[in-house]
Amino acid sequence: MTALTDMADLSIEDGIALITIDNPPVNALSHGVRQGISDGLAQCLADDQVEAIVLICAGRTFIAGADITEFGGPMKEPGLHAVLDDLENASKPVVAAIHGTALGGGLETALCCHYRVCDAGARFGLPEVNLGLLPGGGGTQRLPRVVGAEKALEMMVSGAQIGAAEALQEGLVEEIVEGELRSGAIAFARKVVAEGAPLAKVRDREEKLQSARDNPGLFDDFRKSIARKTRGFLAPESNIRCIEAAVNLPFDEGMAVERKLFQELMRGPQSRAQQYFFFAERQAGKIPDVPRDTAEIPITRVGVIGAGTMGGGISMNMANVGIAVTIIETQQEALDRGLGIIRKNYENTASKGRISSQDVEDRCGLITGSLQMEDLADCDLVIEAVFENMDLKKEIFSKLDGIVKQGAILASNTSALDINEIAAATARPESVIGLHFFSPANVMKLLEIVRGDKTGKEVIKTCMSFAKRIGKKAVLVGVCPGFVGNRILFPRQAQAQKLILEGALPHQVDKVLVEFGMPMGAFQMSDLAGLDIGWNAETSKGESIRDLLCEAGRRGQKTSAGYYDYDEKRTPSPSPVVEEIIRGFSDKAGLALRDISEEEILERCIYPMINEGAKILEEGIAIRASDIDVTWVYGYGWPVYRGGPMHYADSIGLDNVVATLRKYAEQTGDSSWEPAALMVRLAEEGKGFSDL
Ligand code: T1G
């Protein structure tokens with residue numbers, strides 16, 4: 001075994017050379033890997049002893065792509081294209097031996113080898129679109145030549161991975177090796193040598209492109225099918241154009257299209273934001289004062305208090321990953337209703353073919369209902385999901401304290417109440433934590449984990465990894481009203497309210513937010529949540545637009561009327577009745593109406609969010625700015641191609657944000673516009689939140 005670089009070595013076994021990549025954690029194509037492949041190849045081609053070459057990786061996976069940490073800087077030679085050309089033009093057979101995930105530049109490397117074999121657990125994908133990019137190592141031209149344009153469109157625009165069996169079926173690999181991959185790959189290489197098989201280059205293949213050539217409408221049909229899902233993103237269209245080039249142009253011309261579109265995306269703000277977000281997601285899992293080796297509490301049994309919308313959704317998350325759940329309700333009727341809705345949701349999913357009817361039975365079988373809180377005695381985790389009333393929650397936690405075994409985690413799904421006060425209702429505040437799911441809880445990815453002043457490190461560590469186990473993106477936050485997500489939502493909603501009193505209309509405000517990339521606007525969101533949350537008919541005095549709408553029976557989507565009118569398909573349309581109510585309220589309040597520009601609407605909705613984010617960082621409620629971005633992308637649908645509110649602020653320049661906030665502070669005389677001290681300091685230092 002000879003070391004080629006610090007990330008690659010070469011060994012030869014009876015005429016078969018093995019170039020082994022070793023660049024933990026995911027064998028990314030860092031400079032040392034590229035140099036290693038290049039040097040190894042040169043040595044093998046020059047060595048008469050060598051009949052064939054196997055490219056294999058040590059560790060948990062084959063090459064998982066280009067090294068994203070190297071983006072943005074000059075690429076050290078040899079560049080990726082040079083290495084891939086050397087591989088494809090090698091005069092001896094090169095076999096890629098794949099385990100784990102062959103992704104992005106990793107799959108492109110494998111596509112430049114003459115043959116590909118893998119183990120049964122291998123997965124394959126070109127997920128560059130998730131980074132606002134496209135495969136820049138020839139993948140856009142080679143993948144369609146192997147799996148066809150239709151499959152390539154699906155894989156490259158979704159970024160999804162396929163498994164070994166499907167890869168074999170699609171012709172992406174020649175063999176799924178039984179037993180040990182290394183020896184299997186060597187045996188395959190020997191077979192190739194023995195058969196004297198031609199050194200087939202993927203670039204020369206055409207047969208799989210024919211069906212697309214015979215179906216010129218393929219691309220436009222595909223564009224239509226993804227339009228809604230990819231609204232606002234630039235990368236999907238560029239991926240499609242590259243595959244079109246693969247179908248319609250000679251290989252080298254197609255490569256030129258790929259290179260041009262790749263560089264355009266790489267230079268753009270969207271990819272910068274999505275690369276930032278790639279690391280932001282991974283940072284969110286790291287808690288500075290909770291060491292990686294902190295012990296975790298095993299969770300095999302979970303209890304959920306409340307079978308309402310949240311309790312039901314939360315329970316489904318557990319059953320989806322095979323964890324037994326006991327749901328507690330106070331009335332049999334409420335329990336039956338809750339369990340019925342869970343079963344209906346599963347049957348609905350099964351009717352769409354996403355799970356089998358057996359899955360429905362298995363998952364419902366894991367969820368047991370009970371009216372006895374004592375049945376939770378042996379649970380490892382109990383999540384309370386009853387309506388937002390502090391006295392009720394404290395009563396429940398004090399009961400749980402007397403029932404549930406010591407060492408178990410007691411969690412509240414509250415979206416705003418004080419976790420410390422809830423914890424104080426028990427004798428074990430170190431076991432109390434907030435697990436704030438977002439509705440619908442079985443769908444929304446975000447889980448805001450709220451640490452109380454006394455929450456233990458094992459409890460935090462356990463909940464952070466438990467979140468991953470149930471498929472959630474966890475963000476750890478401190479205790480304050482609204483935690484991080486809702487606390488940042490409040491000032492936006494407040495400004496939206498002010499804007500309609502000053503002359504804008506709900507659909508005008510929402511149009512700006514939707515065009516900015518939000519899934520829905522401020523008023524559509526209020527209508528979806530219900531305008532009567534926390535509203536009381538007896539005490540309502542028409543003191544706000546919300547009061548007036550609720551008094552008029554307009555409670556939101558559920559009453560087909562709120563800020564909008566809704567048809568049977570729940571499509572919103574502006575309401576002349578609402579416009580009259582708003583204008584009447586402004587008139588009564590003596591507010592002068594004026595035309596408000598879309599730019600002002602955007603600034604007044606987004607900048608207070610940024611300012612609140614800065615205050616949250618000042619108070620240490622969030623560990624880092626990127627956690628706020630992860631919260632808003634996964635919890636509120638902030639467009640990932642804008643990175644999140646804090647990244648967006650950095651992209652605008654904090655000096656501009658501060659200046660704009662001060663402009664509105666002056667215009668309105670409203671001190672809530674005063675920029676946070678932290679942001680003022682960073683702006684003065686010419687820095688951004690990412691410098692914190
Ligand atoms: N470059 C640099 N670091 C990477 C990396 C990469 N490609 N992939 C992962 N890491 C780091 C990550 O930051 C984390 O670090 C650690 O590895 C473990 O990752 C020319 C342009 C492979 C499925 O998009 O999807 O090729 O936080 O926590 O959950 O066409 O990582 O521990 O310090 O995610 O087991 C295309 C990206 C690149 C795949 C493993 N490839 N990676 O998931 O671990 S662009 C990708 C993943 C490209 C070419 C183009 C996942 C994974 P740390 P992890 P995991």
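Of the 27 residues around the ligand, those that come nearest are Arg60, Glu108, Glu128, Arg282 and Lys286; a residue counts as near when one of its heavy atoms lies within 4 Å of the molecule. You are looking at a predicted model, in which local features need pLDDT of at least 70 and side-chain atom pairs count only at pLDDT 80 or more, while totals for chains, interfaces and linings use all residues. Residues are numbered from 1 along each chain as its sequence is written, and side-chain values use heavy atoms, with hydrogens and water left out. Let's start at the ligand and then tour the rest.

**Around the ligand**

- Lysine 286 has a side-chain N or O atom 2.6 Å from an oxygen atom of the ligand.
- For arginine 282, a polar side-chain atom lies 2.7 Å from a ligand oxygen atom, and for glutamate 128 the corresponding distance is 2.8 Å.
- On its own the ligand exposes 1,000 Å², and the protein buries 77% of that; accessible areas come from the Shrake-Rupley method with a 1.4 Å probe, and for residues only the protein chains shown count as cover.
- Two or more residues of the shell come from each of β6 (101-103), α3 (105-112) and α12 (269-283); helices (H or I, at least four residues) and strands (E, at least two) are DSSP runs, numbered from the N terminus.
- Helix α12 gives the most to this shell, with three residues.
- Sorted by class, the shell has 15 nonpolar, six polar and six charged residues; here Ala, Val, Leu, Ile, Met, Phe, Trp, Tyr, Cys and Pro count as nonpolar, Asp, Glu, Lys and Arg as charged, and the others, Gly among them, as polar.
- Helix α3 is mostly covered, with eight of its eight residues buried; buried means under 20% relative accessible area, exposed over 50%, and partly exposed in between (1.4 Å probe, protein chains only).
- Among the buried residues of α3 are Gly105, Leu107, Glu108 and Cys112.

**Nonpolar cores**

- The largest nonpolar core has 95 residues, and Val509 and Phe689 have the most contacts inside it; such a core is a set of buried Ala, Val, Leu, Ile, Met, Phe, Trp, Tyr and Cys residues joined through side-chain atoms within 4.5 Å.
- Helix α24 (residues 598-618) supplies the largest share of this core, nine residues.
- Another core, of 60 residues, lies apart from it and includes Met7, Ile21, Leu41 and Val247.
- Leaving out residues up to four places away in sequence, valine 509 touches Ala496, Leu499, Ile500, Ala504, Phe523, Ile601 and Cys605; contact means heavy atoms within 4.5 Å.

- As background, most residues other than glycine have a negative phi, and most peptide bonds are trans.
- The peptide bond from proline 24 to proline 25 is cis, with omega near 10°, and proline 25 is found in the loop between β3 (16-21) and α1 (31-46).
- Glutamate 77 and proline 78 are also joined by a cis peptide bond, with omega about -5°; proline 78 sits in the loop between β4 (52-57) and α2 (80-88).
- Phenylalanine 483 has a positive phi, near 50°, and is buried, with a relative accessible area of 0%.
- Arginine 570 has a positive phi of about 65°, and this residue is partly exposed, with a relative accessible area of 48%.

- Arginine 546 lies in helix α22 (residues 545-551) and is partly exposed, at 26% relative accessible area.
- The side chain of arginine 546 reaches the backbone oxygen of leucine 531 at 2.7 Å.
- Serine 540 lies in the loop between α21 (522-529) and α22, and its relative accessibility of 16% is why it counts as buried.

Conventions: A polar contact is a pair of N or O atoms within 3.5 Å; within protein, one must be able to donate a hydrogen and the other to accept it, and residues adjacent in sequence count only if both atoms are side-chain atoms.
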